[in-house]
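I opened the model to look up a few things and noted them in order.

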Amino acid sequence: MHQLGHISQNLMIILGMIMYIFGTIGNIFNILIFLRWSRLQKKSQGKCNSSLYLFVSSVSNLIIIIYPLLTRIIFDGFEYSVTKETVFILCKFRYYILHTFDLISLTCICLATLDRYLISSRKVRLRQKIIIRKRAEQLILFIIILIAFYCIPIAIFFDVSNNGRCAIYSPKFLYYYFWIFQICLHSIIPIIFLTILGTLTYKQLRKMKRTKRIRTLNSDKQLSRMLLLMCIAIVLSSIPYCIEHIYFVMTPNDPLERTSYIFLYHVITSILFYTNPVTSFYVFFISTPNFRRHIRQLIFGKSHTHRFDCETFSMINPASTLHE
C-alpha cells in the first residue's frame, strides 16, 4: 500500500509537470493567435466573435494552469500540508481562482460554439441573432463579473483540516458545492450544450452547397473535428472528477482518510480534470490546418497580409493556394 502511494505521488509530479509545461506553452500560443484573429474580426466589423471567446478562454486556462495546477502538484506530489497561516492563499484563494476561471473558460467555449452554430445556419432568422462585437465584449465582461461574485462563497467556506488539507465543513454548502459546481456547472450543462450544438452545427455544415470553395469546405470539416474533440476533452476532464466527489459524499467515513487506492484514483481524476485547459491548444493544432499554418508563421516570424473570413472561422492569405 505504501508503494502504491509512492507511485501516485510520482505520477502526479511527472505527469503534472509535463502538463504544466506544455499547457503553459500551448495557451500562450492560443492567446497570441486568437488575439490576432480577434483584432482582424474587429477590423472587419463582422458579427462573428468566436476568436474573442476563445481568446478569453485561453487566458482563463493559462491562469488555471499557472496557479491551481501547480499547487495541486505540490499538494499531491510533494505532500505539502496547509497551515492556518497559508490557508487563504492555498485553500480559499486557490479554489476561488480554480472555479472562477474554469467556469469562465467553459462559458466562453460554449459561446464560441453557439457563435459557430448561428454563423453556419442557413436560416436568415438565426444568422440575424449573431451579436455585434461591442455586445459580445459587454457580454464577456458581464459573465466575468457574475461568475466572480458567484464563486465568493467558495473562498468563505473552504478551510484547513487537522490533516493539513483543504476542506468544507458546512454540510449544506458541501452538498451545494457538490451538486451545483461539480455536477451541473462543470459537467452536465457544458457537456449537453456542446454536444447538442456541436451535432447541429455538424449537420448544418454537411448540408452546405457543393458550389462553395474547396477551402471553405475544408475549414468546415476542420471546425467539426475541433468541436468533437473539445466535447471529448470536456467529458474526460469532468466525469471522473465528479465520480470522486460522489464517492466522498456517499461514503459515511471521513473523506480525508483516504486509502492508497482512493488516493491513486484522486491523482488520476485530478490529472484528467486539467486535460481540458492543458490540451486545448493541441486540439486546435491537430484538428485545424489553418491554425497550424499561423502557428508556423508566428514561430518563424513570417509576415503575411491576411483577411478574416467569418464563415470559415479562419484567417486566409489571399496569395496562398487552396490546400495546405
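Is F93 buried, partly exposed or exposed? I looked up its relative accessible area and got 31%, so F93 is partly exposed. I keep in mind throughout that this is a predicted model.

Aromatic pairs. I then looked for the ring partner of F93 and found F88. The two rings are stacked, with 6.1 Å from centre to centre and 20° between the planes. I checked F88 as well: its relative accessibility is 52%, over the 50% cut-off, so F88 counts as exposed.

I went on to a second stacked pair, Y95 with F158. Here the centres are 4.0 Å apart and the planes are 10° apart. I traced both residues to their elements: Y95 sits in helix α3, while F158 belongs to strand β1 (residues 158-160). The pair links distant parts of the chain, 63 residues apart. Y95 has a relative accessibility of 8% and therefore counts as buried. F158 is buried too, at 4%.

I noted the total of 21 aromatic pairs. I also wrote down one aromatic cluster, formed by F22, F29, F34, W37, F281, Y282, F284, F285 and F291.

Cysteines. How many disulfides does the count come to? I got 1 disulfide. It joins C91 to C166, with an S to S distance of 1.9 Å.

Helix pair. I turned to helix α3 (residues 87-120) and its contact with helix α7 (residues 171-206). How do the two axes lie to each other, roughly parallel or roughly antiparallel? I found that they come within 9 Å and cross at roughly 20°. Angles under 35 degrees count as roughly parallel, so α3 is roughly parallel to α7. I recorded the crossing of α3 and α7 as left-handed. I sorted the residues of this contact by class and got 16 nonpolar, 8 polar and 2 charged.

Methods: Residues numbered from 1 in each chain as written. Predicted model: local features only at pLDDT ≥ 70, side-chain atom pairs only at ≥ 80, totals over all residues. Heavy atoms only, no water. Axes fitted to C-alpha atoms, helices over the stretch in contact; angles between N-to-C directions. Helix = DSSP H or I, 4+ residues; strand = E, 2+ residues; numbered from the N terminus. Parallel < 35°, antiparallel > 145°, perpendicular 65-115°, else oblique. Left-handed = near helix turned anticlockwise from the far one by under 90°. Nonpolar A, V, L, I, M, F, W, Y, C, P; charged D, E, K, R; others polar. Disulfide = S-S within 2.5 Å. Phe/Tyr/Trp six-rings, centres within 6.5 Å; stacked < 30°, edge-to-face > 60°. Buried < 20%, exposed > 50% of the residue type's maximum accessible area, 1.4 Å probe, protein only.
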